[in-house]
Amino acid sequence: FFQAEDGIRDIGVTGVQTCALPILEEDLSSIAVVGENMRHHTGVSGRMFSSMGRNGINIRAIAQGSSEKNISAVISTADVKKAVNVLHEEFFGNSAKQVHVFVAGVGNVGSKLLSQLHKQTAFLESELKLKIHLAGLMNSRKMLISEKGIKIDEWQNELNQSEKANLHSFIENIIALNLPNSVFVDITANAEVADVYASLLKKSISVVACNKIAASSVYSNYQQLKETAREYNTSFLFETNVGAGLPIIGTIHDLVRSGDRIHKMQAVLSGTLNFVFNNYDGSRPFADVVKQAQDEGYTEPDPRLDLGGTDVMRKILILAREAGQKMEFSEIANQSFMPEACMQGTVEDFYQSMKNNEAHFASLLDAAKKEGAILKFVATYENGKASVGLQNIPPQHDLYHLYGKDNVVLFYTDRYQVQPLVIKGAGAGAEVTASGVFADVLRASK
């Protein structure tokens, strides 16, 4: 027996069949919250049902005894274990809330995320009352699911000794475990992984996506994912889709929810391209600067997504949608600076072709220097239309003083008409991207 402040003394489970002729439903159980003094505490039933609802536990029937000492509900037998854990956490949860995390993609960013989770374990438990329980890992070769938990400081050894990776098996196992407070984290650039979000959200499993593919897919799919998350009372979060750890999407939400209207956004959204053009001064080939950016972990796995503007197009599309604009990827104008020959063949062909076209890149740099300007790849959204392209930025422009791999977004709104609201900072790199994913995991945990 337990004793909670609101008078709850115990949570019990019994098997049950319900029959409302001519339909017989099987595999159901009754779960009851029992307490001597709970009739004197308001909100007990609300806490009981809302806590189960947040975890995707469907209530089939409800009853309360005349003595008001017992509230019972009929649920699927498959949900019993999760329901008991959820209710004990809700009513007797003096210890930390346990959050079950499943991570797809444990490369550069993923490994940094796990390291950050490990370092913050004590703080999360003592200050936020959260206990991160790493329950699953998957990369392109291996996958590991463990209800007991994976030791974060030994995850590499455990994963290397696990079974061959299979995405559909991984997702099926996550759903079958049916653990409370589950969060799926996608740190891949894989379209197949993005396709499983809906099946997870329908099971009230939160999705944190570093992967931009879902949020920049056709509008109907993007909208459906957001509606599914709302319907099943869970989270679909993708702050790191734009600006790594910068609070760009969160700021748009704050503006829109508080009644402001965004008319224009002007932004440098590629840490890769900003790094490249900040370091390309004509002293060495353009291809060498791009290779440096890739070696330092700033580019997408295929650098052509950055150099061709595809990545920036996805980002401005996501920002426009979050600002309330119904827009498709095909509607974004792209003034590409890359010769078509560079975009053909393999990644190795891409680098060789850039070397062959060095004169083209040098001419772009020379033209900017003659105007006293610098090169920036700029994304613009204004009054329902979006475009991306290389621009010559003069010294007086707000985008001029942007160094290293930094990103910047300028918001022009009803409230910020003359002087824009500016968000600026490191927009690429494994450490800052992992920190943004970490923040989304904590938001989903709430």
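I take the expected span of a helix as 1.5 Å times one less than its number of residues. Helices (H or I, at least four residues) and strands (E, at least two) are DSSP runs, numbered from the N terminus.

The model is predicted: local features need pLDDT of at least 70, side-chain atom pairs count only at pLDDT 80 or more, and totals for chains, interfaces and linings use all residues. Residues are numbered from 1 along each chain as its sequence is written, and side-chain values use heavy atoms, with hydrogens and water left out.

**Helix α2.** I checked the span of α2, residues 80-92. Its 13 residues should span 18 Å at 1.5 Å a residue, and the end C-alpha atoms are 17 Å apart, which agrees. I then looked up burial (buried is under 20% relative accessible area, exposed over 50%, partly exposed in between, with a 1.4 Å probe and protein chains only). Buried residues of α2 are Val80, Lys82, Ala83, Val86, Leu87, Phe91 and Phe92.

**Threonine 380.** I found threonine 380 in strand β14, residues 374-382. Is threonine 380 buried or exposed? Threonine 380 counts as buried because its relative accessibility is 16%. For touching I use contact, meaning heavy atoms within 4.5 Å. Leaving out residues up to four places away in sequence, threonine 380 touches Met265, Gln266, Ile316, Lys385, Ala386, Ser387 and Gln391.

**Helices α12 and α15.** I looked at how α12 (residues 286-295) packs with α15 (residues 347-356). The angle is about 145° and the axes are 8 Å apart. Axes are lines fitted to C-alpha atoms, for helices over the stretch in contact, and angles run from 0 to 180 degrees between N-to-C directions. From α12 the contact takes Phe286, Ala287, Asp288, Val290, Lys291 and Gln294; from α15, Phe350, Tyr351, Met354 and Lys355.

**Pockets.** On a 1 Å grid over the protein atoms alone, a pocket is an open set of points where a 1.4 Å probe fits, with protein on both sides within 12 Å along at least five of seven lines; lining residues have an atom within 4 Å of a point. A volume is the space filled by probe spheres set on the points, which are joined across faces, edges and corners.

The largest pocket holds about 700 Å³. Of its 33 lining residues, Val109, Cys210, Thr299, Glu300 and Pro301 are the closest to its centre.

The second largest pocket holds about 410 Å³. Its lining has 17 residues, with Lys226, Phe236, Leu237, His253 and Arg257 nearest the centre. Which helix gives the most to this lining? I noted α10, with four residues.
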